Amino acid sequence: MSIRVVLVDDQSMIRTGLRMVLAAEPDIEVVGEAGDGASGLRVVTGLAPDVVLLDVRMPGMDGLEAARRIVDAGLPTRVVVLTTFDEDEYVTAALRAGVSGFLLKVAPPEDLVAAVRTVAAGQGLLDPAVTLRVIRSFAAAPAADPGRAAELAQLTERETDVLALVAAGLSNAEIAARLYVGEATVKTHVSRVLLKLGLRDRVQAVAFAYESGLVRPGG
């Protein structure tokens, strides 16, 4: 079964480029497009695609508001925000809204295809360049959220260690090597962390780790 994708961007040339890249893949199908957030929300609600690629800056309803509404609607659609280097404030807000991933518009085609497949498989995605900017954003934020910090008490010591390493950007294989355990064990710990904290994926886990004060930028 193909991964069904909707493209939302106010620049038709961007949509054309994205469509050409994705249409070349046998397992991906672009099923709809829109040129602004309101239209995108209607298309996504009507088609319930697996993935929506969403620009941030658009006329009328911007991509951030559209992302919030898509996530709040409880649709099966995973949201990937397309961003540029000068939109840090949008990245942080979108992260809190519960999107599944971020991808720079200048990312190479193979990264775009990999991003679609990754989030369609239920995993979160943070472009490494975007991750650094998110960390800088949290570094500029005030003290940790006490409510978030209290929720950490639900985790075992090992689960807390795993969460900290996820926030540092390590893969399951890298965490396994760091903790001298099997990769399957790490996967189980990650699943338990997400379940206990009510998080959907690793992207939200990274945000939680910083907001709770478990991880401090530069620490």
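I looked up A48 and found it partly exposed, at a relative accessible area of 29% (buried is under 20%, exposed over 50%, partly exposed in between; 1.4 Å probe, protein chains only). The model is predicted, local features need pLDDT of at least 70, side-chain atom pairs count only at pLDDT 80 or more, and totals for chains, interfaces and linings use all residues. Residues are numbered from 1 along each chain as its sequence is written, and side-chain values use heavy atoms, with hydrogens and water left out.

I noted the phi of A48: positive, about 45 degrees, although A48 is not a glycine. Most residues other than glycine have a negative phi. I placed A48 in the loop between α2 (37-47) and β3 (51-55) (helices are DSSP runs of H or I, at least four residues, and strands of E, at least two, numbered from the N terminus).

I then turned to Y180, not a glycine either, with a positive phi of about 60 degrees. Y180 counts as exposed, at 77% relative accessibility, and lies in the loop between α9 (172-179) and α10 (183-197).

How do α9 and α10 cross? Their axes come within 8 Å and cross at roughly 110 degrees (lines fitted to C-alpha atoms over the stretch in contact, angles from 0 to 180 degrees between N-to-C directions). I therefore logged α9 and α10 as roughly perpendicular (65 to 115 degrees). N172, A173, I175 and A176 of α9 make the contact with E183, V186, K187 and V190 of α10 (heavy atoms within 4.5 Å).

I sorted these contact residues into five nonpolar, one polar and two charged (Ala, Val, Leu, Ile, Met, Phe, Trp, Tyr, Cys and Pro are nonpolar, Asp, Glu, Lys and Arg charged, the others, Gly among them, polar).

Note on methods
Parallel < 35°, antiparallel > 145°, perpendicular 65-115°, else oblique.
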